[in-house]
Structure formats: C-alpha cells, structure tokens
Amino acid sequence: MLRFLLGRLGQSLILLFIVSLIGFSVLLLAPGGPMSQFALTPGISKAELDKIAAQMGLDRPILVQYADWLWGLVRGDWGNSFRDGRPVLEIIGGHLFATLLLMGSSTVIAVGLGTWIGIKGAVKRYSMFDYAATVGAMIALSIPTFWFGLVSIYIFSLRLGWLPAGNMFTIGDQTVLDYLHHLIMPSMVLALVNVAIWSRYMRTATLEVINQDFVKTARAKGLSPRRVLMKHVVGNALIPMITLAGLQLPTLLGGALVTETVFTWPGMGRLFLDSLGYSDYPVIMGLLMFSAILVIIGNLAADLITAFVDPRIRLA
Amino acid sequence: MEDPVLVVENLTIALPKEMDRAHAVENVSFELRGGRVLCIVGESGSGKSVTANAIMGLLPSTLTIASGSIRLRGRELLSLSGQDRRGIYGRIVSIIFQDPLSALNPLMTVGDQIIEVMDAHPEAAPQDRRGRVIELLTEVGLPDPKLMAEQYPFRLSGGQRQRVMIAMALALDPDVLIADEPTTALDVTTQAQILELIHRLQRRKRMAVMFITHDFGVVADIADHVIVMEKGHLVEQGPASEVLVRPRAPYTVRLLAAVPKMHDGTGRVGDPDAPVVLSIENLTKTYHASGSLFGKIREVRAVDDVSFTVRKGETVGVVGESGSGKSTLGRLVMKLIDSDSGRIVFDGEDVAPMPEAQFRSRRPHIQMVFQDPFASLNPRHTIGRILTVGPVGRGTPIGEARQRAMHLLDRVGLQPSAYERYPHEFSGGQRQRVGIARALMFDPHLLIADEAVSALDVSIQAQILELLDEIQRETRIAMVFITHDLRVASQICDQVAVMQSGRLVEFGSTADVLGNPGTPYTRSLVAAVPGAGRASN
C-alpha cells in the first residue's frame with residue numbers, strides 16, 4: 001500500500017511539473033502580457049516601463065523567471081499578484097470556499113439525481129421514464145452551460161423573481177438560508193451536464209449487474225426486491241462509478257469557470273477569468289497548479305475509495 | 001413412496017412474439033417426491049432451465065407463464081402474492097446455479113451471504129446464525145470453516161464456491177433443492193466431488209432434488225427418476241433404470257447414442273512411420289504474477305518441461321483440469337505467446353526462437369479451432385469474408401479463395417448460401433463448422449482444436465467430432481486436440497498427453513493411457529468421468 005502511494009506521489013509530482021511547464025509556455029506565447037496595460041498609459045516613457053518590469057521581475061531571462069517561480073511553488077511562496085501585490089495563495093484561499101461550496105453542492109445533486117435516474121432507467125428499461133431520461137440527458141448534454149444559465153436567470157430571476165440572478169449572498173444578510181437561496185440556481189446549472197453523464201453511466205453499470213447470477217441468487221433467497229436492488233445491484237454498480245467521479249472533476253472545474261462567470265459567483269473560476277483580463281500571470285499559474293493538484297487528489301481518492309470498498313482490489 | 005412435494009402441471013411458458021417458437025415450455029407436467037432425485041435432461045433450448053426459473057420466480061420479464069400450475073407442498077405458487085412467494089424461496093425450495101464464479105456477490109463475505117438467507121426468513125432461522133454458518137460450511141466439506149466464513153468469494157476456487165452455494169441453499173433445510181447444471185462449469189474431479197456431496201446431503205436430509213443437466217453420465221450417477229425435454233416439450237419420463245436402458249422416445253435414443261462414452265481407443269492407431277509434423281521438446285513457460293500491492297512475485301509454471309510429437313494423420317489429445325497448462329501449450333505452439341525455453345520443431349524447423357516476421361510465412365500451416373463459436377467469428381463480417389479474408393490477405397486471388405470457401409462450406413456440411421450470411425444467423429454447431437472451414441482455408445499441416453466441442457450440446461458434439469475425423473482421414477492433417485473431457489478425447493485421439501500443473505504426467509496411446517492409467521492423477525481423472533460406472537457396460 002505504501003509503495004503504491006509513494007509511486008502515485010512520484011507520478012503526481014512529474015505530472016505537476018509538466019503541467020507547470022505547459023502553463024508557463026502558453027502564457028509566454030499569449031499576445032499582450034503583463035506590460036501591455038502599462039504601455040498604453042499616455043505619456044509613459046521607456047525608462048518608466050523598464051522600471052516597472054524590473055519591479056515585477058520581468059526583466060530577467062525567461063528560464064530564471066520560471067526556475068524562481070518553481071522554487072517558490074515548492075517552498076509554498078506562490079508569488080504575488082501583479083494586480084494588487086497580494087500573495088497568490090492568499091487570493092486563491094479567498095475564493096476557495098465559494099468554489100468548493102458550488103462544486104460540492106452540484107456534485108451532491110449530480111450524484112444523487114444521476115444515480116437515481118440511472119437505476120430507475122435500468123430497472124424499468126424501455127419504459128416511458130427510461131426514454132424520457134435518455135432524451136433528457138441528450139438535451140442536457142447538447143445545451144451549453146452558459147446558455148442554460150442565462151435562460152434560467154431570465155426565467156427564475158427576471159420573469160418569476162424567485163431566485164437571485166447572481167452573487168453568493170445578499171450584503172447584510174449572510175444567513176445560511178441566504179447562501180442556499182443564492183446557491184440553488186448555479187449549482188443546478190453546473191450539475192445539469194453531470195447529471196446527464198452520471199445517469200447514463202449509472203444506467204449502463206446497473207444493467208451490467210442486474211443480469212448477473214448473484215442477483216438471481218439474491219432473489220432466490222427470498223429477499224425483498226428493495227434489498228436485492230440496494231444491497232446486491234447498486235452496491236456492485238457503484239464501484240466503477242467511483243472512478244468516474246474522479247475523472248469528472250476536471251469537467252466540474254471547467255464548468256465552474258463558466259457558471260461562476262454567468263452567476264457572478266465569487267469563486268476561483270471568476271478569479272481566473274478576471275486574472276486573464278489583467279494578464280495577472282502569477283495568479284493564473286497559481287490557479288492552474290491548484291486545479292491540477294485538486295484533480296490529482298480527486299483521482300487518487302477515487303482509486304483509494306475503490307480499493308477500500310472492493311475486496312478484490314483491497315485484498316488481492 | 002412419499003407424497004410428491006413439488007407438482008408441476010401443464011406448465012406453459014410463452015416466449016415473446018418475435019421468437020421462432022411460441023412457447024419456451026409447453027404443457028409440461030411432472031412431480032417430485034420427497035427424498036428422490038429427479039433429473040431433467042435436454043439440450044440447450046429444451047426449456048429445462050426455464051422450468052426451474054419458473055418454479056423459483058426467476059423468469060425474465062420477457063417470459064410469462066401462460067397456463068398451468070406449480071404446487072409446492074400442496075400450495076399453488078402461481079396464485080400467491082409476491083411477498084408470500086418470497087417467504088418460500090430460500091426456505092422451502094432453494095436453487096444452485098451453473099456458474100459458481102458469478103453466483104456469489106463479490107462484495108460480501110461468504111458468511112454474510114449465508115446469513116442473509118437466514119435473515120430473510122427469521123421465523124425459520126436458528127438463534128445462533130454465525131454458528132449455523134460454521135456448521136453448514138463444515139457440512140459441505142470446506143476446509144477451515146471459521147476462516148472460510150470471513151472470506152470474499154474471489155479467494156475461493158470454483159469448486160469451493162459451488163460448495164458455498166450449496167451451504168447457502170441448505171441453510172434453512174429446504175424440502176426441495178433445484179440444481180441447475182451445478183457441475184457443468186467444473187473440472188471432472190471437482191464435478192465428481194460436488195455430485196457426491198449433493199447426493200450424500202440429499203440422502204441424509206431426505207431432501208427432494210430436481211437436478212438439471214445435459215449430461216447423461218451425470219444422470220446415470222445420481223438420478224432416481226428422469227425427464228427428457230426437447231424444444232419445450234416433455235418427451236419421456238420414467239425411472240432412471242428404465243429410461244437409460246430402454247429409452248422409448250426417438251429423441252432419447254438419439255441423445256443417448258450421442259453421449260460420448262469412454263472408448264478403449266482400439267479403433268484408432270496412428271501410423272508410427274508417418275513423418276513427424278510437430279515435435280515439442282522440453283517446452284517451458286513461466287508466468288510471473290505480482291502477488292499483491294506489497295509486490296510479492298509469484299511464479300506459475302504454466303508449461304513445465306513438456307515434450308511430445310505429433311505425426312501426420314495423427315490426433316494427439318491434451319487433457320487435464322483447468323489450470324493444468326493445456327491451453328497455454330496450444331498458444332505456445334501457435335506462437336501467440338513466447339516460450340521461455342525448449343524447442344517447437346514444426347515441419348523440421350525449430351520455430352520457437354523465430355521472430356514474428358520470419359514465422360509469419362509459416363502461420364498458414366498451423367491453424368486453430370476455438371472453443372466459443374459465438375465469440376470467435378466477427379459478427380459484422382459475412383461467412384464468405386470470414387473465410388476468404390486470410391488467404392486474400394496473403395495474395396490469393398479472390399475468385400480462387402471464393403471457390404475454395406464454397407468447396408469447404410460444402411465439405412463441413414453447410415449450404416452455399418451461407419457464404420453471404422452473417423454468423424448470428426447460425427446455431428452454435430453451424431458456427432463451429434464455419435470455424436473449422438476457416439481453419440482449413442490454408443490447407444494447414446497442423447490443426448489445434450482448443451476445447452473445440454466443449455461449448456456444444458452432445459448431439460452436435462458427436463457430429464463435429466465425426467466431421468473432424470472425416471476431414472483428418474481425407475487430408476491426413478495432424479491434430480492437437482485440447483480438451484478437459486476424457487470421453488471426447490477417447491473418441492478422437494490416437495495418443496493422449498495428460499497434463500497436471502504444467503507438467504506432462506503421462507503420454508501414450510489412448511488405449512494405454514485411458515484404459516490402463518499409469519499415474520494416480522490419470523486414474524483419478526478416469527474415475528471421475530461421469531457415468532463411468534454404468535456407461536461402460
């Protein structure tokens with residue numbers, strides 16, 4: 001087990017290094033850059049620009065900049081924002097809660113709803129429910145998240161006035177209920193695609209298990225249909241889904257970027273887009289590395305959980 | 001004679017409309033008496049498993065009981081509510097299935113799965129359920145029952161899992177045990193042990209057993225009463241002694257005639273002067289399996305220092321239990337996997353060290369017939385394409401390949417129209433004929449048949465064996481026939497090689513090896529052949 005964990009840790013470090021390399025190179029290739037906004041200031045001189053660049057450390061060779069940044073990353077000093085000079089980690093930390101809240105609640109919705117729809121569709125295969133779920137999933141997968149977000153704002157905020165159109169809370173009213181009220185629409189919108197994906201996979205996984213002999217054995221024992229379904233079918237069908245949950249993390253992060261922008265949600269997604277606008281490279285790189293770490297941890301957790309619940313992996 | 005515990009009357013089960021026949025089972029009536037073993041015999045599609053599933057309420061939703069009655073201890077099962085029926089399953093009647101590898105939930109320990117039956121019927125279960133589990137596991141002959149109860153199924157062998165299934169089925173001392181081909185997926189020696197176990201428990205508990213099988217050897221071993229089913233109809237029933245010795249229905253006569261029996265092998269003697277086609281010398285293959293996450297490496301000698309020769313026109317049978325290395329041997333000769341050491345001399349050349357590029361030109365001369373006729377033909381290709389794609393790929397003009405394919409289709413007994421059709425339009429036996437024709441397209445010198453008839457019903461099995469025999473007489477092809485079934489081997493092989501845990505323990509003429517086994521292992525294999533006691537006379 002220890003060997004496995006150490007191996008995975010080594011792989012992850014290499015992966016993170018490659019991600020950082022790609023991220024850094026892409027930013028180098030991007031037009032503009034952090035100096036472009038200063039360059040447009042009327043009457044600014046070349047000397048002044050060089051001074052600003054030197055302050056931000058941009059006058060050094062690229063490789064030195066990268067090595068310096070990487071060494072900081074390892075030490076836990078992720079650099080300072082070009083925009084307001086605050087430490088990157090502090091900025092990300094300030095936006096972390098909002099994103100985790102949104103991702104967490106939308107995951108709960110996606111897994112709960114998707115699992116239920118998938119099982120029901122498999123148990124009642126080719127029923128009206130199953131067809132409706134199939135068509136529904138296709139529609140959900142074809143609608144872009146931002147469009148769905150805008151339409152729900154139009155309907156539920158502008159027309160019906162039931163839900164707030166954006167932000168995480170009402171200033172001056174930061175109760176739990178207020179948070180929840182603000183959370184409903186973004187988390188549903190973000191969950192939609194994942195409900196669709198999850199329910200399709202869950203349906204297939206359930207169908208694969210439901211005709212297995214051990215399900216027949218369970219029925220032949222005289223167990224109630226509910227017990228057969230929950231204990232024998234769902235238990236076995238969920239195992240491949242754990243891996244899927246790990247794999248869906250990047251989708252979720254990507255979706256959060258769009259959703260947070262549409263709903264002006266103060267999370268990492270919006271921070272990323274804002275930082276792009278300002279060419280705030282340290283923050284962008286920080287967010288990139290942070291997401292990569294999150295995805296790696298998520299997949300590792302999925303593997304560990306699979307090993308924990310499946311004796312064939314745990315004990316073999 | 002005891003009263004019948006289970007009475008099935010005029011049972012008719014409808015098939016979905018689009019099927020080729022209207023009923024899976026039609027007007028079937030029989031009764032099962034306490035303390036007796038009733039065998040239901042029939043080939044695939046005869047409706048024997050459907051009948052068992054109907055009794056246990058396990059029919060798939062596409063099959064519906066159209067009419068008839070199933071009475072257990074005088075209670076009509078078909079008019080009971082779902083909940084009342086569930087009160088009976090697992091307690092008064094229980095079932096064990098064919099494939100023990102998939103019949104247990106992989107995520108629950110053996111003990112928990114047995115306790116689950118007792119929890120489902122608390123009124124009939126003893127107070128000390130853990131204790132009862134240990135008692136049951138001891139009763140079915142599992143070693144170290146306390147430890148066994150804590151094991152997950154994947155740790156157990158097929159035979160051990162079938163014992164767990166039996167323990168589970170017997171947990172509440174049911175009146176009726178339905179056994180649906182419980183030994184078909186097991187090795188001969190394991191099969192004999194499980195049969196013996198069921199028989200012993202049945203006598204001790206005075207339980208009624210409904211035993212479904214396609215194997216008349218098994219019937220001869222355990223049945224009191226026999227029912228023969230064909231295409232959903234009951235064609236004959238009577239005491240085992242009657243049906244086996246004086247069958248009345250023509251179908252039973254045919255089935256019995258097709259049952260492979262242990263031959264003395266006298267019919268076949270290879271020509272000792274024929275040229276050697278294949279000579280295997282000290283062939284060895286070791287698999288390295290990493291033991292666990294902690295990285296213990298296990299070595300498995302799949303093929304261990306094996307040597308024998310195959311001559312032109314001769315069939316060498318390779319027999320042994322699963323895990324004995326016989327399939328690995330076949331794959332080594334095909335060079336589908338590389339050997340570790342030893343020589344494979346084919347047509348006078350050692351092909352073992354040859355790189356694939358060099359060996360490729362010899363591939364056409366070694367061909368294979370596979371076990372599963374459903375998986376070994378590409379479902380999206382026509383039979384014609386399946387037959388011709390190989391030769392055409394090697395430069396044979398399509399017209400010539402087509403001509404040869406037509407000739408071979410005729411030779412294996414298929415219509416020329418088969419050329420344009422797809423595999424799914426054919427039965428298992430017909431597909432195996434296609435598989436044989438495909439292997440013969442290249443005019444090979446050596447044919448390797450890996451369990452080529454194992455997946456087929458007995459009557460089809462007999463036909464395919466006969467076809468292989470005819471083809472061999474005509475073409476003088478050399479054949480390696482890998483099988484777990486000694487009866488099949490005794491029919492078709494000139495020489496037999498017996499393998500055990502990778503080693504060749506005995507090699508010689510079929511008559512010698514099977515008629516007068518020289519090693520304890522071969523003796524135990526021969527003794528375990530179902531029906532060996534009665535079928536020989």
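This is a predicted model: local features need pLDDT of at least 70, side-chain atom pairs count only at pLDDT 80 or more; totals for chains, interfaces and linings use all residues.

Visitor: OK, chain A then. How many helices and strands does chain A have?

Guide: Chain A has 13 helices and zero strands. Helices (H or I, at least four residues) and strands (E, at least two) are DSSP runs, numbered from the N terminus. The C-alpha trace of chain A spans about 85 × 60 × 35 Å along its principal axes.

Visitor: And how many residues of chain B are in contact with chain A?

Guide: 28 residues of chain B are in contact with 22 residues of chain A. Contact here means that the C-beta atoms of two residues, placed from the backbone, lie within 7 Å. On the chain B side, β6 (93-96) and α3 (110-120) each supply at least two residues, and α3(B) has the largest share, with three residues.

Visitor: What classes of residue are on that side of chain B?

Guide: The side of chain B that touches chain A has 16 nonpolar, eight polar and four charged residues. Ala, Val, Leu, Ile, Met, Phe, Trp, Tyr, Cys and Pro count as nonpolar, Asp, Glu, Lys and Arg as charged, and the others, Gly among them, as polar.

Visitor: New topic: what domains is chain B divided into?

Guide: Domain 1 of chain B covers 35-49 + 87-258, and domain 2 covers 276-535. Those bounds come from an automatic or database domain assignment. The C-alpha centres of the two domains lie 32 Å apart, and the contact takes 17 residues from domain 1 and 16 residues from domain 2.

Visitor: Which helix gives the most on the domain 1 side?

Guide: That's α8(B), with five residues. The helices α7 (188-205), α8 (216-222) and α10 (250-258) of chain B each supply at least two residues there.

Visitor: I also see a sheet in chain B. What's the strand order?

Guide: Six strands form an open sheet in the order β6-β7-β8-β3-β9-β10, with mixed pairing. Two strands pair if DSSP finds at least two bridges between them. β6 and β10 (233-239) of chain B are at the edges with a single partner strand each, so one side of each is left without a neighbour in the sheet.

Visitor: Which way do β7 and β8 of chain B pair, parallel or antiparallel?

Guide: Parallel, over five bridges, and B:Ala179 has B:Phe211 in β8(B) as its bridge partner. By contrast, β9 (residues 225-230) of chain B pairs with β10(B) in the antiparallel sense over six bridges. There, B:Ile227 stands opposite B:Gln237.

Visitor: Last one: at what angle do α13 and α14 of chain B cross?

Guide: Roughly 130°, with the axes coming within 9 Å. Axes are lines fitted to C-alpha atoms, for helices over the stretch in contact, and angles run from 0 to 180 degrees between N-to-C directions. The residues making this contact include B:Leu387 of α13(B) and B:Ala405 of α14(B).

How values were computed. Residues are numbered from 1 along each chain as its sequence is written. Chains are lettered from A and ligands numbered from 1 in the order in which they are written.
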